[in-house]
Amino acid sequence: MAIETNQSQVALKPTDYPVILHISDLHFGYDENLQTKDDRKKALDCLADRITNLDKSWHTKHICITGDIGYRGGADDYELAAEWLGSFLTKLSLPFASVFMCPGNHDVNRSIAEKHGRPSCSEEADKMLSLPLSTHFNDIFTNYIAFQENMQIPEYEMGGNEGTSSYLCGVRRPGDGLRFICCNSCWYSKDEDDKGELWIGAPLLRSLDSHGLICRRSDSQTIDIALIHHPKDWLADSESRTRGGRRVATFDDLARKAHVVLTGHTHDDLRLWDQNENEAYVCGGGASWASISHPHTFRLIQIDRESEIFRYRSFQWDASQLEWNEVLLNKPNSRFFQNKLERALSVACQSQSTPSGAVASIQQMEPATGMKELLYESQIEGAMNVPSGSVGPSLLPDKSLEADKIVKELIDKMRRCSTRGDYGKALACWETNSDWFSEKKAQVDAALAEELELLVEEITLYREQA
């Protein structure tokens, strides 16, 4: 479940929940004149001050940079980046090991990249992006790699041969219940015609999976955060769209293995989170600096592993006031990470005691609250038809209905209430019918009962924090 919050909404006490700073598209080296260089310095200096002045529960522990650290991929770009990053980490009292990044299209040495062709189909891409990788990829990212080596940022594990590691893709685990997955969408980035021509590398994900470095989200004991520079619509068709009975799109495969996917590249204004095929939540990061004519943004994401939720806060640079302002995109919205429900469904489907009919009903169930694409408030208001009167006993007018049908009706009514933000009414609905559920629980499909209990837990948790 994700909760958008600001300081006035939730009085969070200091916790050990890790907080991730997501920034992107820094573009060091892109300075039209001394003024633009000064504008960048001011915005990035204020970034550290804005974070350190927040409540301690929102102080950053990990920094994720989703590409375009440099602008031309030259050594001079990364000298500027290193100077800023060293100062930034000092202000936040963080080590270099707290930084996780993936390459962007401006981290590519185009003079080398343009000499190499792109794959024309998924078969070619799978051959060209299999381990061991061609050495020319290191040449393309020479300065990007040297920058991280000089800053003593740890490499990612890649799988494959023992000891294989890289700055270009792989996995790192900082040891606090999180796992960061670096994906590279820029292997074949080289010009202004990149869109629709980019590949992540399906064999690279499969290698990480086969070596136990990543796994399907429902089996994971960690919260998995994936970093990739380009949004899904910039990838080649076979990487972005799964077609029935054919090769699974690499981005879809990544979304099955990650809880959150952080992207960059678009320089957009702040926007709501998306969800990829009811799987991972996808957050696009705007540029943290491009030029004065672009919107500049950053986000903080607080991970609560105990409750399996994440909270986030969004900020945008106000060039007229020279300050980072917090922006609340919409009213609070709750979403589940789905670990608990996925495990419950898996166990129920695999249990020999589960009737075949129950398995079928589980497979046809709607996703739990939050699995649908988020509606804007105006759409919710018009789409939901929640009665204004009591939602007490009248909710279940016919106690002769089968137990499963009654529970489905109860879940549906509670979802409608909670989607509108009326958590009190949703809990009143539950309290009216909780005794009946306790009495009839044995007659209810196990996965359906688990879904109801998780929904109650979610609504209760959010009402306490609202």
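Buried here means under 20% relative accessible area, with exposed over 50% and partly exposed in between, using a 1.4 Å probe and protein chains only.

A word on the source. This is a predicted model, where local features need pLDDT of at least 70, side-chain atom pairs count only at pLDDT 80 or more, and totals for chains, interfaces and linings use all residues. Residues are numbered from 1 along each chain as its sequence is written, and side-chain values use heavy atoms, leaving out hydrogens and water.

Back to the strand. Strands are DSSP runs of E, at least two residues, and helices are runs of H or I, at least four, numbered from the N terminus.

What are its neighbours? On one hand there is β7, residues 170-172, which runs antiparallel to β8 and is joined to it by 3 bridges. Two strands pair if DSSP finds at least two bridges between them. Gly170 has Cys182 as its bridge partner in β8. β7 and β8 form a hairpin, with 5 residues between them. Gly175 sits in that turn, with a positive phi of about 95°.

Then there is β9, residues 223-227. β9 pairs with β8 in the parallel sense, over 5 bridges. Cys182 stands opposite Leu227 of β9.

Arg179 and Asp224 meet in a salt bridge, 2.9 Å from N to O. Arg179 is in strand β8 and Asp224 in strand β9, so this pair links distant parts of the chain, 45 residues apart. Both residues are buried. A salt bridge here is a side-chain nitrogen of Lys or Arg within 4 Å of a carboxyl oxygen of Asp or Glu.

How many salt bridges does the structure hold? The count is 16. One of them joins Asp194 to Arg118, with the closest N and O atoms 2.5 Å apart. Asp194 lies in the loop between β8 and α7, and Arg118 in the loop between α3 (110-113) and α4 (122-128), so the pair ties together parts 76 residues apart in sequence. Asp194 is buried, at 2% relative accessible area. Another pair is Arg311 with Asp304, at 3.4 Å, N to O. Arg311 is buried at 3%, and Asp304 is buried at 2%. There is also a network of salt bridges linking Lys41, Asp45 and Lys91.

Now the rings. A search of the whole structure finds 14 aromatic pairs. Rings of Phe, Tyr and Trp (its six-membered ring) pair if their centres lie within 6.5 Å; planes under 30 degrees apart are stacked, over 60 edge-to-face, and the rest tilted.

Why is the pair of Phe28 and Trp84 called tilted? Their ring centres are 5.9 Å apart and their planes stand at 35°, so the pair is tilted. Phe28 is in the loop between β2 (19-23) and α1 (34-52), Trp84 is in helix α2 (residues 75-92), and they are 56 residues apart. Phe28 is buried at 5% relative accessibility, and Trp84 is buried at 11%.

Next, Phe141 and Trp187. This pair is edge-to-face, 6.4 Å centre to centre, with 90° between the planes. Phe141 is in the loop between α5 (136-140) and α6 (142-150), Trp187 in the loop between β8 and α7, so the pair ties together parts 46 residues apart. Both are buried. They belong to a cluster of ring pairs that links Phe137, Phe141, Tyr144, Trp187 and Tyr188.

Two arginines sit over rings. The charged end of Arg172 is over Phe100, 3.9 Å from the ring centre. The charged end of Arg313 is over Trp58, at 5.2 Å. The rule is NZ of Lys or CZ of Arg within 6 Å of the ring centre and within 35 degrees of the ring normal.

Last, cysteines. The structure holds 0 disulfides, meaning pairs of cysteine sulfur atoms within 2.5 Å. Cys417 is buried, at 0% relative accessible area, and Cys283 is buried at 1%.
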